Amino acid sequence: MAHGPQPKEVRIAILTVSDTRTEDNDTAGALIEHFAELAGLAVDGRGWVADDTVEIRNVITALLAQPEIDAVITTGGTGIAARDVTIEAIQPLLSKELDGFGELFRYLSFTEDVGTKAMLSRAAAGTAQGKVVFILPGSRGAVRLAMERLIIPEIRHIVAELRK
């Protein structure tokens, strides 16, 4: 469905949340970058941060303060283990939550990917400081599903709405 005028350029930042991932072994972050570039999105950078609420919040706050960034996409730390704190770190920074993103992500995960394990996913999205933030699980399957089915088809429309 056509949405009206959309921005030609959308700039994103990618953040991997993990105690073990680095630039050398971060396949989920690399996959986000791959899909973003295929879709013509400008990747303004990739970063890594430990599973620590304060560190995550500090990095996200710094990314949101960059005027050239339109969207932040995170991967990792969305499960139910004690170290999974990405949601708790980012949620207080959001001015609006996009509940439909998480709902659709879990529905698609259930029907197309992991079955009932989808109930463990806390994937989320929202807006903060006029930007969109997507919070994805750390698996390549989850990243692929989110990027192909949800983020790439709608990111330009979301950014256009936020620029109004």
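## Leu15 and strand E1

Leu15 sits in strand E1. The model is predicted. Is Leu15 buried or exposed? Its relative accessible area is 1%, so Leu15 is buried.

Which residues does Leu15 touch, beyond those up to four places away in sequence? They are Gly47, Trp48, Val49, Val59, Ile60, Ile73, Thr74 and Thr75. Val72 lies 57 residues from Leu15 along the chain, yet 7.4 Å separates their C-alpha atoms.

## Two nonpolar cores

The largest nonpolar core has 29 residues. Ile12, Phe101, Phe134, Leu136, Ile151 and Ile155 touch the most other members. At least two residues of this core come from each of strand E1 (11-17), H1, strand E3 (71-75), helix H4 (99-112), strand E6 (131-136) and H5. H5 gives the largest share, 10 residues. Residues up to four places away in sequence aside, Ile155 touches Val10, Ile12, Leu41, Ala71 and Phe134.

A second core is separate and holds 19 residues. Leu15, Ile56, Ile60 and Leu64 are among them. In soluble globular proteins, nonpolar side chains tend to be buried together.

## Helix H1 against H5

Helix H1 spans residues 27-38, and helix H5 spans residues 140-163. Their axes come within 9 Å. The crossing angle is roughly 25°. H1 is therefore roughly parallel to H5, since angles under 35 degrees count as roughly parallel. The crossing of H1 past H5 is right-handed.

On the H1 side, the contact is made by Thr27, Ala28, Leu31, Ile32, Phe35 and Ala36. On the H5 side, Arg140, Val143, Arg144, Met147, Glu148 and Ile152 make the contact. By class, the H1 contact with H5 has 8 nonpolar residues, 1 polar residue and 3 charged residues.

## Helix H4 against H5

H4 also packs on H5, at an angle of about 120°. The axes of H4 and H5 are 10 Å apart.

H4 brings Phe101, Leu104, Phe105, Leu108, Ser109 and Glu112 to the contact. H5 brings Ala142, Leu145, Ala146, Arg149, Leu150 and Ile151. The contact of H4 with H5 comprises 9 nonpolar, 1 polar and 2 charged residues. Two of the residues named here, Phe101 and Ile151, are also among those touching the most other members of the largest nonpolar core.

## Two exposed loop residues

Where does Pro92 lie? Pro92 is in the loop between helix H3 (86-90) and strand E4 (96-97). Its relative accessibility is 55%, so Pro92 counts as exposed. Leaving aside neighbours within four places in sequence, Pro92 contacts Arg57 and Ile87. Glu161 is 69 residues from Pro92 along the chain, and their C-alpha atoms are separated by 22 Å.

Gln129 lies in the loop between strand E5 (124-128) and E6. Gln129 is not a glycine, yet its phi is positive, at about 55°. With 54% relative accessibility, Gln129 counts as exposed.

Terms used
Residues numbered from 1 in each chain as written. Predicted model: local features only at pLDDT ≥ 70, side-chain atom pairs only at ≥ 80, totals over all residues. Heavy atoms only, no water. Axes fitted to C-alpha atoms, helices over the stretch in contact; angles between N-to-C directions. Helix = DSSP H or I, 4+ residues; strand = E, 2+ residues; numbered from the N terminus. Parallel < 35°, antiparallel > 145°, perpendicular 65-115°, else oblique. Left-handed = near helix turned anticlockwise from the far one by under 90°. Contact = heavy atoms within 4.5 Å. Nonpolar A, V, L, I, M, F, W, Y, C, P; charged D, E, K, R; others polar. Core = buried A, V, L, I, M, F, W, Y, C linked by side-chain atoms within 4.5 Å. Buried < 20%, exposed > 50% of the residue type's maximum accessible area, 1.4 Å probe, protein only.
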